[in-house]
Each structure stands twice: as C-alpha cells, then as structure tokens.
Amino acid sequence: MDHHAYRHVLAESLAESELPFPPAEFARRRQRVRETMQAVGLEALLLTDPADIFYLTGYHTFEVSVHACLVVSADRLVLQVPSIEIGPAVVTARVE
C-alpha cells in the first residue's frame, strides 16, 4: 500500500480522532490568522515551527528530526509531512 492509499484508509476511520481541541477552536484560530494576513497584505504564510503548526492544526509528533511545514492561504491549509508521518498527521491534524 502506498502512502496515498494509507492516508485514505486512515482518514475513513480515524481522521481528526485525536484533536486536542474542538474543530471550532481550530477554525477560530485560522480565521484570526487569515484576517491578519489580509490586513498586512499576505497571500500565503509558510510555517515550519512545530508549535505554530500545532496551534493551527493540532498536528504533533514525538519525532524531533522530522521536517513538516504548513502553508496557510485565504482558502486552503496544506500540511506537508514525510510519508512516515502520514499516520500521525491524519489522526492529530485538522487540515484540508
């Protein structure tokens, strides 16, 4: 099974099952970030700090050497993680 199929299987049964806050809280946080982005004229925001990514998505991992990034735009939230982190990303994060 490749990582795309794995992500879909996990999403069907476990997506967002370990969110630390209700989905509405993450929506509120993202809305505030997007409003600020618009106010200062940013079309996109790239985040690489784990705390910032967690704040907006809930994504967390015990692996300290894993690169992850989050791209925030007016209408999308894209989380990029290595294939080995797909499982944790699917169950702990709220992203498109």
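# A walk through the predicted fold

Let's start with a pair of residues in helix H2: glutamate 25 and arginine 28 both sit there, 3 residues apart, which is about one turn of the helix. Helices here are DSSP runs of H or I with at least four residues, strands are DSSP runs of E with at least two, and both are numbered from the N terminus. Before going on, keep in mind that this is a predicted model, where local features need pLDDT of at least 70, side-chain atom pairs count only at pLDDT 80 or more, and totals for chains, interfaces and linings use all residues. Residues are numbered from 1 along each chain as its sequence is written, and side-chain values use heavy atoms, with hydrogens and water left out.

Back to that pair. Glutamate 25 makes a salt bridge with arginine 28, and their closest N and O atoms are 2.5 Å apart. A salt bridge here is a side-chain nitrogen of Lys or Arg within 4 Å of a carboxyl oxygen of Asp or Glu. Glutamate 25 also forms a salt bridge with arginine 29, this time with the closest N and O atoms 2.9 Å apart. Because glutamate 25 and arginine 29 are 4 residues apart in helix H2, about one helical turn separates them. Together, Glu25, Arg28 and Arg29 are linked in a network of salt bridges, and the structure holds 2 salt bridges.

The cut-offs are simple: buried means under 20% relative accessible area, exposed means over 50%, and partly exposed is in between (1.4 Å probe, protein chains only).

Now step back to the whole chain. The protein has 4 helices and 3 strands, and from the N terminus on, its elements run α-α-β-α-β-β-α. Of its 96 residues, 30% count as buried. The accessible surface comes to about 6,200 Å², and 57% of that belongs to carbon and sulfur atoms. Those areas come from the Shrake-Rupley method with a 1.4 Å probe, and for residues only the protein chains shown count as cover. As for contacts (heavy atoms within 4.5 Å), take those between residues at least 6 apart in sequence: 57% of them join residues at least 24 apart.

Next up is the sheet. In general, strands of a sheet pair through backbone hydrogen bonds, either parallel or antiparallel. In this model, an open sheet of 3 strands has the order E1-E2-E3, with antiparallel pairing. E1 and strand E3 (77–80) stand at the edges with a single partner strand each, so one side of each has no neighbour in the sheet. From one strand to the next, the twist averages 15°. Two strands count as paired if DSSP finds at least two bridges between them.

Where do the bridges fall? E1 and strand E2 (residues 69–73) are joined by 4 bridges; leucine 45 stands opposite valine 72 in E2, and leucine 47 stands opposite leucine 70 in E2. Leucine 70 also has leucine 79 as its bridge partner in E3. Between E2 and E3 there are 4 bridges, and a hairpin joins these two strands through 3 residues. E2 is mostly covered, with 4 of its 5 residues buried.

Helix H2 (residues 23–40) lies across E1, E2 and E3, running at about 65° to E2. Helix H3 (residues 50–57) also lies across E1, E2 and E3, at about 50° to E2. For these angles, axes are lines fitted to C-alpha atoms, for helices over the stretch in contact, and angles run from 0 to 180 degrees between N-to-C directions.

Let's finish at two spots elsewhere. Leucine 46 belongs to strand E1 (residues 44–47), and it counts as exposed because its relative accessibility is 56%. Leu46, Val71 and Val78 form a nonpolar patch on the surface, with about 230 Å² of accessible area together. Patches are made of residues with over 30% relative accessible area and no salt bridge, joining like charges within 9 Å and nonpolar side chains (Val, Leu, Ile, Met, Phe, Trp, Tyr) within 5 Å. Arginine 94 is in the segment after helix H4 (86–92), and at 26% relative accessibility it counts as partly exposed. The C-alpha atoms of arginine 94 and threonine 57 are separated by 4.9 Å, although the two residues are 37 residues apart along the chain.
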